[in-house]
Amino acid sequence: MAYSRVTRTANGAEALAYAYGDDGKGHNGNEQRNQVISLVNLQPGVPVETQMSKYWDRAKPNHKTQVLRVVQSYSKKELNPDEPADLQKANVMGQELARKHYPGRQAVVFTQIDGASGLVHNHIIINDCAMEDT
C-alpha cells in the first residue's frame, strides 16, 4: 500500500522550488529530479507560483498556510521505477488525489525516483486557498 504524508507550509514558493529541484537535478547525484510533472487547475506556460500567489494575496490575514505538501510513495512491488508507464500511472494517481480530496484547488504533481531508495513517489503541492473562496 502506498505511503502518504501531508504537511503544511506558509511558504508556497519554497515548497515549489524544492519540488522542482535545483536546476532540475535530483537527489543522490541523479541528473533528473522529476520524471513527470502535471498541473491541476493551472495553465501551462505560466509560472505556477504566479498563478497560486493570486489566491495567496487575496487570503484573509489570519490564513497563514499557502500550500499543502502531499508525498505519496510506492514500493517496487506496486510501481516499478524503471517502467515509464508506472511513472505515468503514479502521476495520474496524484492528480486524482488532488481532484478528489481538494476540489477547487490548484495543484502540481511531481513524480520522482531520485530518493535514496529509488522508489516511485509523488510530491503534490496543493494551494491551500480555494479558487472559489478568495
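This is a predicted model: local features need pLDDT of at least 70, side-chain atom pairs count only at pLDDT 80 or more; totals for chains, interfaces and linings use all residues.
## Elements and a loop

Helices, of at least four residues, and strands, of at least two, are DSSP runs numbered from the N terminus. Asn41 is not a glycine, yet its phi is positive, at about 60°. Its relative accessible area is 43%, so Asn41 is partly exposed, given that this class runs between 20% and 50%.

Read from the N terminus, their order is β-α-β-α-β-α-β-β.

## The chain as a whole

How does the radius of gyration of the chain agree with that of a compact globule, and what is its value? For 134 residues a compact globule would come out near 14 Å, and the chain has 15 Å, so the two agree. Along the principal axes, the C-alpha atoms fill a box of roughly 45 × 30 × 25 Å. Of the 134 residues, 45% count as buried.

Contacts also tell us how the chain is put together. Taking those between residues at least 6 apart in sequence, 71% join residues at least 24 apart. The accessible surface comes to about 7,500 Å², and carbon and sulfur atoms account for 49% of that. As for charge, there are 15 positive and 15 negative side chains, with the centres of the two sets 7 Å apart.

## Helix 2 and its cover

Helix 2 spans residues 48-56, and its buried residues are Val48, Gln51, Met52, Ser53, Tyr55 and Trp56. An α-helix has 3.6 residues a turn, so residues three or four places apart point the same way. That pattern is handy to keep in view when you look along the helix.

What covers these buried residues? The cover includes helix 1 and strand 2, along with strand 3 (67-73), strand 4 (107-112) and strand 5.

Asp128 sits in the segment after strand 5, which covers residues 121-127. Is Asp128 buried or exposed? Its relative accessibility is 11%, and therefore Asp128 counts as buried, the limit being under 20%.

The side chain of Asp128 has a polar partner: it makes a polar contact with the side chain of Arg8 at 3.3 Å. Leaving out residues up to four places away in sequence, Asp128 touches Arg8, His63, Thr65, Gln66, Val67, Leu68 and Arg105.

Lys25 belongs to the loop between helix 1 (12-20) and strand 2 (36-40). With a relative accessible area of 43%, Lys25 is partly exposed. Beyond its neighbours within four places in sequence, Lys25 is in contact with Asn30, Glu31, Gln32 and Arg33. Asn80 is 55 residues from Lys25 along the chain, and their C-alpha atoms are separated by 21 Å.

Ile113 is found in the loop between strand 4 and strand 5. Its relative accessible area is 22%, so Ile113 is partly exposed. Which residues does Ile113 contact, leaving aside its neighbours within four places in sequence? They are Asn30, Gln35, Pro81, Leu87, Gly118, Leu119, Val120 and His121. His27 is 86 residues away from Ile113 along the chain, with 9.1 Å between their C-alpha atoms.

Conventions
Residues are numbered from 1 along each chain as its sequence is written. Side-chain values use heavy atoms; hydrogens and water are left out. Buried means under 20% relative accessible area, exposed over 50%, partly exposed in between (1.4 Å probe, protein chains only). A polar contact is a pair of N or O atoms within 3.5 Å; within protein, one must be able to donate a hydrogen and the other to accept it, and residues adjacent in sequence count only if both atoms are side-chain atoms. Contact means heavy atoms within 4.5 Å. The radius of gyration is taken over C-alpha atoms; the globule rule is 2.2 Å times the number of residues to the power 0.38. Accessible areas come from the Shrake-Rupley method with a 1.4 Å probe; for residues, only the protein chains shown count as cover. Lys and Arg count as positive and Asp and Glu as negative; His and the chain ends are not counted. The place of a charge is taken as NZ of Lys, CZ of Arg, CG of Asp or CD of Glu.
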